[in-house]
Amino acid sequence: MIENAGFDPIIGALNTSLNLRLHNQGVISSNIANADTPGYKAKTMDFETALRDAIGADNGLKVEGAKKRMTDPTNPEIYDDPDGVEGLDGNTVDRAREMARMAENQLMYDASAEMLRRKLGMLKYAITEGGGGR
Amino acid sequence: MDFFTSMRISASGLDAQMKRMNTISSNIANAEVTESADGSGPYRKKDLVLAAQTDRESFDEVLKGQLDEHAQGVQVVEVYEDQRPPRMVYNPSHPQANADGYVAMPNVNPVEEMANMIAAQRSYEANVTALNAAKAMALKGLEIGK
């Protein structure tokens, strides 16, 4: 959790973000794999809400309107996609939408990972006294 | 959930679509077969029944139950024979022609098979893309410590 990240609350928030993005990837993969399964309902998770719930518990990081509720970041709420249109076989997966979501999710994961990498790089820089101290 | 869960889900999708392709190939190859292997008349079109499965391959996941009802792979639960009646073709010289000179041909519609094949191909590609995305994310994650 964020408290244990120690140095910078952003590092903890990025960690939570990566966990949630990973979870989202699983949900999207599941929808794509089941795009031809009769009766399957497309699943979705609200990334922003899940992230806010997860990091809202930390006082160090102010998030507007955050609930003071602790949610396990790796276990966000996953529900049937309300926007899904049922086809003849009862399936509500829209492949194009899932692919778009997946591309977005992947980009945002990369962005968070890159950010975390740089945060840790800065930390390392400080620890080694500007890279010169050994 | 870890990256491998996501990859396993996509792999189950690839597997199901591959099996779908197999039935389609079988249908096209046997589109003119008037005598099936078990001697029960002409070949009948085969199709698959797909169903969502809950991924529970590791003990860890069973313990947590975290994937229950959420992230699901796909599996082929049944291969069934299409019950549409055979196509009757007038050909009195055929050895399997009936008393009126009609031969029972398979109930395979090549156009339907081709359309089904394209759908299977696209689904397969979508699963490959999902798998590659998960792999790219995992590799990006490994870069964090560098």
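Predicted model: local features only at pLDDT ≥ 70, side-chain atom pairs only at ≥ 80, totals over all residues.
View 1. The model as a whole scores ipTM 0.77 and pTM 0.79. Chain B averages a pLDDT of 87, and 87% of the residues in chain B score at least 70. Among the elements of chain B, helix H3 (residues 110–142) has the highest mean pLDDT, 94, whereas helix H2 (residues 59–64) of chain B has the lowest, 56.

**View 2. The fold of chain A, with four helices and two strands.** Followed from the N terminus, the elements of chain A run α-α-β-α-β-α. Of the 134 residues in chain A, 39% are buried. Among the contacts in chain A with a separation of 6 or more, 68% are accounted for by residues 24 or more positions apart.

**View 3. The fold of chain B, with three helices and four strands.** From the N terminus on, the order of elements in chain B is α-β-α-β-β-β-α. Buried residues make up 25% of the 146 residues in chain B, and residues 24 or more positions apart account for 67% of the contacts in chain B with a separation of 6 or more.

**View 4. The contact between chain A and chain B.** Chain A brings 29 residues to this contact and chain B brings 31 residues. On the side of chain A that touches chain B, helix H2 (9–33) and helix H4 (95–127) of chain A each supply at least two residues. Sorted by class, that side of chain A has 14 nonpolar, ten polar and five charged residues.

**View 5. Helix H2 of chain A, a mostly covered helix.** Of the 25 residues in H2(A), 22 are buried. Apart from its neighbours within four places in sequence, A:Leu18 is in contact with A:Tyr109, A:Ser112, A:Ala113 and A:Leu116.

**View 6. The largest nonpolar core, a set of 34 residues.** The members that touch the most other members are A:Leu18, A:Ile32, B:Ala130 and B:Ala134. Two or more residues come from each of H2, helix H3 (47–55) and H4 of chain A, and likewise from each of H1, strand E1 (46–54) and H3 of chain B. H2(A) gives the largest share of this core, nine residues. In soluble globular proteins, nonpolar side chains tend to be buried together.

**View 7. Helix H3 of chain B and what covers its buried residues.** The 33 residues of H3(B) should span 48 Å at 1.5 Å a residue, and because the end C-alpha atoms of this helix are 48 Å apart, the two values agree. The buried residues of H3(B) include B:Ala120, B:Ser123, B:Ala126, B:Asn127, B:Ala130 and B:Leu131, and also B:Ala133, B:Ala134 and B:Met137. Their cover includes H2 and H4 of chain A together with H1 of chain B.

**View 8. B:Arg8 in helix H1 (residues 3–29) of chain B.** B:Gln72 is 64 residues apart from B:Arg8 along the chain, and the C-alpha atoms of B:Arg8 and B:Gln72 are separated by 9.6 Å.

Key. Residues numbered from 1 in each chain as written. Chains lettered and ligands numbered in written order. Contact = placed C-beta atoms within 7 Å. Nonpolar A, V, L, I, M, F, W, Y, C, P; charged D, E, K, R; others polar. pLDDT = per-residue confidence, 0-100. Buried ≥ 20, exposed ≤ 12 C-beta atoms within 10 Å, placed from the backbone. Core = buried A, V, L, I, M, F, W, Y, C linked by C-beta atoms within 7 Å. Expected span 1.5 Å × (residues − 1).
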